[in-house]
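Colleague: I am new to this structure. Could you take me closely through one part, the place where the chains meet, and then through what lies around it?

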Protein chains: 2
Amino acid sequence: MKPLLSIPNLAELKFTQDAIKTMIHRTPVLTNQYLNELVGGSIYFKCENFQKVGAFKMRGAASASLRLNTDTMKNGIATHSSGNHAQAVARAAQVLGIPAYIVMPKNAPEIKVEGTRSYGAEIIFCEPTQNARETTLAEVVSKTGAHFIHPYDNYDVIAGQASAALELLEDFPSLDIVMAPVGGGGLLSGTALAVHYLNPNIIVLGAEPKRVDDAYRSLKSGQIEQNQRTDTIADGLRTTLGELTLDIIKRHVTEILTAEEDEIIQAMRLIWERMKIIIEPSCAVPLATILANKETFRGKKTGVILTGGNVDLGNLPF
Amino acid sequence: MKPLLSIPNLAELKFTQDAIKTMIHRTPVLTNQYLNELVGGSIYFKCENFQKVGAFKMRGAASASLRLNTDTMKNGIATHSSGNHAQAVARAAQVLGIPAYIVMPKNAPEIKVEGTRSYGAEIIFCEPTQNARETTLAEVVSKTGAHFIHPYDNYDVIAGQASAALELLEDFPSLDIVMAPVGGGGLLSGTALAVHYLNPNIIVLGAEPKRVDDAYRSLKSGQIEQNQRTDTIADGLRTTLGELTLDIIKRHVTEILTAEEDEIIQAMRLIWERMKIIIEPSCAVPLATILANKETFRGKKTGVILTGGNVDLGNLPF
């Protein structure tokens, strides 16, 4: 495998899906009668909360790390992240038997620090600013020769994330709509590519908290927009799009729907109570937007990617 | 189908399994690498938290209600319960298009009352004592002609609960041990029968909170023992064994293991955090006893029935 230098085609997505198989779970797709009746349509939940490290991020980290040649690989891989991407890169390195260097902000939740450390990664703490993260990462990379794996603005990562939608459409080919939440856009752009190649008639929608609606505005303006605030409960969706992800989203995503904070919490609780599965606030956003726009989904078959299940049980919103 | 008047044989269990298929889900069996490493053996979790009404009780209620003849059936079915059996009987009646009368103590949690009502059952409230429950139920039965479905001390119910273990062993025939929690003993006795018929070399163990260890003591003394206290977090396991369930448990269950309250809460949290699924405190008891007796389970393949996922999210122990 070689790193991808342009938007991956279907053959490259399928090759990636096959290559990462040993490093990930094929996750199940669940449905729920109560939620279907509530919506007036059928929702197919692709359960990436059951994925290795508890989130879809394992797919992209596997894809990117497996594409390194032996020489690059031996110096290890690195990233900056306070969330699921950190654990995914750490586990990818552990499986491959190479070092991982993870730059984390000092104020990262202890549970995420412990999770990352449990996969054997070396953690380098920095001040909790974007600038400190990037500077510290540059120092680490310069000192160790480790390869930086960007959390989303990277075609290898995007091709990995696309494998969730490939699996979903293998299991349920006749969907009308596929939805994914959008933060940096790695999952949404990968999903949009996979769906476009397999069936361009299926509509791809993004879902985003109204408080950090940069992707909604970026899709309207055509350029990367910033967020004025980041205080959403959907902690995985606080980042803005990248150049590569925006480009793909502009081509293949029809619309970004947005949800209020209380709608996100309510949708999260509905999934916990009715489906008996634990999901992060970030992946409740698609259902929140579905419930706020029922007419769009009535009578339709909608696939929704549940992105992860890493939640601090001691700090729940209900 | 006719009501069962003696301990069901394998043909009767299989006939029941087939008969109730349209009223229940075939639930998945999940494993978790972290928990397997923690135990030093393999645990196969049969996920009845994903069952209809969120608990295995749907199996027994389906079995018992489907065995009624048309004349008995038209007057409806009745029970007293403040828990999962109430919802299971209510839903069985709804599916069959017959009335359901559920006697519930005045202080039953609002969420359980709402759940039962949502299936269209008529709820009759009574004082929160065993005597009031039984008297009120007798009045309801006498007035309506409804058929009483006992929550556990009933061969039809036991045959229904046995179907969970039949499915488990169809999926994983080469288990060494099968475990179920024990309250009234409907699930444990059904499980023990199914396992005994399919492979008598598999050891069947019960699991019970130490605070309500009546089954542990009953298995030792050979007669039904009472509990001095019922204040365990495992609210589904507060009842004592019945004559029919004790008889089967004495024949086919090797041992009952017990767990402290903090061990139960810790095991529950482990399953939530690592498996990303929501389970009731009652079904964390087997894992709690496994972790307290690792030497028994090291190198073994153990099936564990996760009984249900109906939890008040506003009142968690962590």
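Modeller: The contact between the chains takes 14 residues from chain B and 14 residues from chain A. On the side of chain B that touches chain A, 7 residues are nonpolar, 4 are polar and 3 are charged. This is a predicted model, and what follows should be read as such. Of the interface residues of chain B, 100% are also interface residues in chain A, so the copies meet through the same surface.

K276(A) sits in the loop between α12 (261-275) and α13 (285-292) of chain A. Its phi is near 60°, a positive value in a residue other than glycine. Most residues other than glycine have a negative phi. K276(A) has 25 other C-beta atoms within 10 Å, and 20 or more count as buried, so K276(A) is buried.

In chain B, the helices α12 (residues 261-275) and α13 (residues 285-292) have axes that come within 8 Å and cross at roughly 105°. That angle makes α12(B) roughly perpendicular to α13(B). From α12(B), the residues E263(B), I264(B), A267(B), L270(B) and I271(B) take part in the contact, and they meet V285(B), L287(B), A288(B), L291(B) and A292(B) of α13(B). By class, this contact has 9 nonpolar residues, no polar ones and 1 charged residue.

I233(B) is found in the loop between α10 (214-221) and α11 (243-252) of chain B. Leaving out residues up to four places away in sequence, I233(B) touches E261(B), I264(B), I265(B), P281(B) and P317(B). I233(B) and I265(B) are 32 residues apart in sequence, yet 8.1 Å apart in space from C-alpha to C-alpha. I233(B) has 18 C-beta neighbours inside 10 Å and so counts as partly exposed.

For chain A it gives domain 1 (10-56 + 154-306) and domain 2 (76-145). The centres of the two domains of chain A, taken over C-alpha atoms, are 25 Å apart. Their contact takes 7 residues from domain 1 of chain A and 7 residues from domain 2 of chain A. The side of domain 1 that touches domain 2 in chain A divides into 3 nonpolar, 2 polar and 2 charged residues.

Two residues of chain B complete the account. V53(B) lies in the loop between β2 (42-47) and α3 (57-66) of chain B. Its phi is near 60°, again a positive value in a residue other than glycine, and V53(B) is buried, with 23 other C-beta atoms within 10 Å. P105(B) belongs to strand β4 (residues 100-105) of chain B. With 17 other C-beta atoms within 10 Å, P105(B) is partly exposed. Leaving aside neighbours within four places in sequence, P105(B) is in contact with S82(B), C126(B), P128(B) and R133(B). Q130(B) is 25 residues from P105(B) in sequence and 9.1 Å from it in space, C-alpha to C-alpha.

Note on methods:
Residues numbered from 1 in each chain as written. Chains lettered and ligands numbered in written order. Predicted model: local features only at pLDDT ≥ 70, side-chain atom pairs only at ≥ 80, totals over all residues. Contact = placed C-beta atoms within 7 Å. Nonpolar A, V, L, I, M, F, W, Y, C, P; charged D, E, K, R; others polar. Domains from an automatic or database assignment. Axes fitted to C-alpha atoms, helices over the stretch in contact; angles between N-to-C directions. Helix = DSSP H or I, 4+ residues; strand = E, 2+ residues; numbered from the N terminus. Parallel < 35°, antiparallel > 145°, perpendicular 65-115°, else oblique. Buried ≥ 20, exposed ≤ 12 C-beta atoms within 10 Å, placed from the backbone.
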